[in-house]
Amino acid sequence: MKPVSVLVIDDEQVICDACQLVLSEQGHAVTLTNTGADGLAAIRQGTYDVVLLDMKLPDIDGMEILNTVLKEKFEVCIIVMTGYSSISNAVEAIKKGASEYLAKPFTDDELLETIGKVCVDTGQQSTT
Amino acid sequence: MLSPTKFENYFRVFRDILRSIYHSISLQEVFNIVVTKTAEVLNAKGALLRILNQETRQFDIGAAYGLGDRYVTKGPVSTEKLLHHPSELHKVKIITDIWHAPRVEYPQLAWDEGIRMILDVPMAIGNEMRGMIRIYLAEPRTFSPDELDFMVTIAEQCACIIERVRLAENQQTHITHLATQMEKMSSLGRMAAGVAHEINNPLTGILLFSSNMIKKVDPGSSLEKGLKIIIREALRCKSIIQGLLEFARDKPPKKVMEDINDVIRTAMGVVENQFYVRHVSLEPHLAQNMVKTPLDKNQIEQMLINLLLNALQAVEDHGRVSVKSMLDSEKNRIAIEIADNGCGISAENVKKIFEPFYTTRANGTGLGLAVSYGIIENHRGNIQVFSKLGEGTRFVIDFPILDKKPGGKEGA
């Protein structure tokens with residue numbers, strides 16, 4: 001898979017660290033943020049192919065970030081991470097425009113496969 | 001034969017007592033009227049109404065009339081001495097010799113009270129004793145069969161009202177118990193959802209690091225072995241949490257009209273191999289006249305599978321589990337009974353089985369019955385457990401049929 005740039009927005013440092021390890025080993029560029037505000041600022045400033053977005057953040061609700069990203073028309077794939085394992089929560093996010101969801105807890109393979117899938121779906125991997 | 005005047009008096013007393021019963025005055029007031037009116041109409045010195053305490057098997061005082069406090073409150077009255085024989089349950093026992101009758105436990109006190117004759121009128125329903133009306137007379141006299149019949153009828157009416165109140169109290173206790181149970185489940189559900197969320201985050205870290213690390217270690221090494229265990233156990237935690245969230249999530253059932261017999265057959269199909277391997281028989285007794293009921297097929301299937309697997313765990317190899325479906329057209333309800341001849345559940349543990357994490361199995365999550373309880377609750381159903389240690393357990397679940405016409409057309 002062609003390397004992509006990934007932004008992780010999660011207040012759990014252990015999840016950020018684990019995602020960074022797994023993704024950077026595969027050659028992906030990883031940026032970590034721990035709050036919704038930082039995450040949103042990073043999206044506005046940078047160019048990311050994929051955002052791994054936790055649905056429950058201390059400052060801004062994940063769904064609100066998703067709405068803002070869609071409203072401001074950033075060309076980025078959003079993968080929502082939900083700690084509730086609640087399909088309805090994830091379905092709502094996907095209906096709004098998120099590309100995929102990951103139900104916590106997940107393995108490294110699930111993470112890589114999901115990123116691979118959304119990149120293929122959006123044509124970011126068409127050259128490979 | 002009673003004279004017309006006497007008959008009129010007896011009729012009036014009977015009417016007053018019946019009115020007191022049907023006009024929903026308190027049980028105590030009914031008893032007071034019974035002892036007063038009965039003693040008056042019989043020209044008796046007094047009367048005492050005793051109720052049989054179902055737990056202690058002793059007679060408690062219900063009401064007294066015309067007797068001194070010292071006599072009324074003297075000691076307990078033992079059941080055995082009053083209950084001589086079931087054949088006497090609907091007969092008046094006449095005691096003329098109060099000094100030598102075994103039923104008179106305090107003859108000296110009775111004599112001092114001015115009592116010379118006693119009538120014991122049992123309050124019974126069928127073969128069940130509910131209490132006793134004792135009538136005290138200052139002088140011995142004879143009673144006509146009509147008078148004795150009058151006393152037995154009054155006593156039977158009293159037994160009926162005691163039974164009615166007892167049933168109402170039992171129902172109230174049952175309702176209170178259910179309400180407490182629901183409240184408990186709801187709080188546990190909320191707590192479970194919070195706990196599950198908090199645990200999922202560290203678990204994601206554990207799973208991501210370990211699943212990543214295992215690819216870097218030498219195959220067959222002790223490190224790989226340890227990591228495999230970490231991954232396996234983390235995944236086990238994941239399934240426990242998923243079960244917990246299932247339980248906590250107030251997921252409304254997607255009800256469509258289903259034949260419960262079809263759902264039972266599907267659930268049995270899922271577990272039949274496990275029964276076969278253990279040589280446990282799984283016997284269906286499905287009602288022929290079943291009507292379709294609004295059910296969430298998947299949820300009910302899950303609930304049935306949980307109960308069937310529990311039954312399988314409870315029985316020895318070559319044990320027996322039966323699944324019965326029933327239709328109660330009168331009450332507009334359908335019922336499912338899952339019975340096993342396994343080890344049974346103690347009365348103490350029966351109270352806990354629907355609580356999350358309660359399990360007697362080493363590898364059980366303790367969530368199966370808690371989830372099942374929630375499913376039944378969401379279908380506005382009831383679940384009852386009947387169990388005897390060493391003999392087996394019977395779960396009875398019933399659901400309402402929204403379609404009021406059994407056998408009629410499918411309703412929404």
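**Labels and their grounds**

Modeller: Strand β6 (residues 128-137) of chain B is mostly covered, with 9 of its 10 residues buried. This is a predicted model, where local features need pLDDT of at least 70, side-chain atom pairs count only at pLDDT 80 or more, and totals for chains, interfaces and linings use all residues. Residues are numbered from 1 along each chain as its sequence is written, chains are lettered from A and ligands numbered from 1 in the order in which they are written, and side-chain values use heavy atoms, with hydrogens and water left out.

Colleague: What does "buried" mean here?

Modeller: Buried means under 20% relative accessible area, exposed over 50%, and partly exposed in between (1.4 Å probe, protein chains only).

Colleague: What makes β5(B) and β6(B) a pair?

Modeller: Pairing needs at least two DSSP bridges between two strands; strand β5 (residues 117-125) of chain B and β6(B) have 9, in the antiparallel sense. B:M123 stands opposite B:G131 in β6(B).

Colleague: How many bridges join strand β1 (residues 46-52) of chain B to β6(B)?

Modeller: There are 6, and the two strands run antiparallel. B:L48 stands opposite B:R134 in β6(B).

Colleague: Why is α2(A) called roughly parallel to α3(A)?

Modeller: The axes of helix α2 (residues 36-45) of chain A and helix α3 (residues 62-71) of chain A cross at roughly 15°. Angles under 35 degrees count as roughly parallel, over 145 as roughly antiparallel, 65 to 115 as roughly perpendicular and the rest as oblique, so α2(A) is roughly parallel to α3(A).

Conventions. Axes fitted to C-alpha atoms, helices over the stretch in contact; angles between N-to-C directions. Helix = DSSP H or I, 4+ residues; strand = E, 2+ residues; numbered from the N terminus.
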